[in-house]
Amino acid sequence: MKAGANLFGCSSAGEATQVLVVGASGRLPAGFDGLDGVTFASFDDLTPDFMSRSMANVVLSALWTDEFDVMDLAGRLSLLGFTGRYRVVSCGVPRPELIVNEVRRVYPFLDFRVLLYAGRGRLVSFTEYGAQS
């Protein structure tokens, strides 16, 4: 399986999508570690050298984990000079626009959105919050 160009927002023409999934490696089903264009890391792995080697232009995480929350990761990405897209995936968040507004208030140059998912198994749908007009 390959990460598509429109996986989590538009990609520049000719730009290969490289997805970095932060904080999920211990909770993924078997087989997710072999996806082309996808790298898995812990919060502590995020150093300037690691980010340069990963060539990530999309970062994906949960809203919060035992290691970090959305504000921690947004701050780390900002400090590292990340210029790609940061997407948080969650379910059951009643007011996702509040999360988007807070992250954008503190980190205005970060391309940030919340993806809410619903469904079970292979029937999953995503609703995106935070698209800028």
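**Exercise 1. Find how helix 2 passes helix 3 in a right-handed crossing, and describe their packing**.

*Before you start:* this is a predicted model, where local features need pLDDT of at least 70, side-chain atom pairs count only at pLDDT 80 or more, and totals for chains, interfaces and linings use all residues. Residues are numbered from 1 along each chain as its sequence is written, and side-chain values use heavy atoms, leaving out hydrogens and water.

*Solution.*
- Step 1: Locate helix 2 at residues 70-79 and helix 3 at residues 96-106. Helices are DSSP runs (H or I, at least four residues) and strands are too (E, at least two), numbered from the N terminus.
- Step 2: Their axes (lines fitted to C-alpha atoms over the stretch in contact, with angles from 0 to 180 degrees between N-to-C directions) come within 11 Å and cross at roughly 30°.
- Step 3: Angles under 35 degrees count as roughly parallel, and therefore helix 2 and helix 3 are roughly parallel to each other.
- Step 4: Right-handed means that the near helix is turned clockwise from the far one by less than a right angle.
- Step 5: V70, M71 and A74 of helix 2 make the contact with I99, E102, V103 and V106 of helix 3. Contact means heavy atoms within 4.5 Å.

**Exercise 2. Is strand 4 mostly covered or uncovered****?**

*Solution.*
- Step 1: Take residues 85-90 and count: 6 of 6 are buried, so strand 4 is mostly covered, where buried means under 20% relative accessible area with a 1.4 Å probe, protein chains only.
- Step 2: Sort by direction: R85, R87 and V89 point one way, while Y86, V88 and S90 point the other way.

Key. Parallel < 35°, antiparallel > 145°, perpendicular 65-115°, else oblique. Buried < 20%, exposed > 50% of the residue type's maximum accessible area, 1.4 Å probe, protein only.
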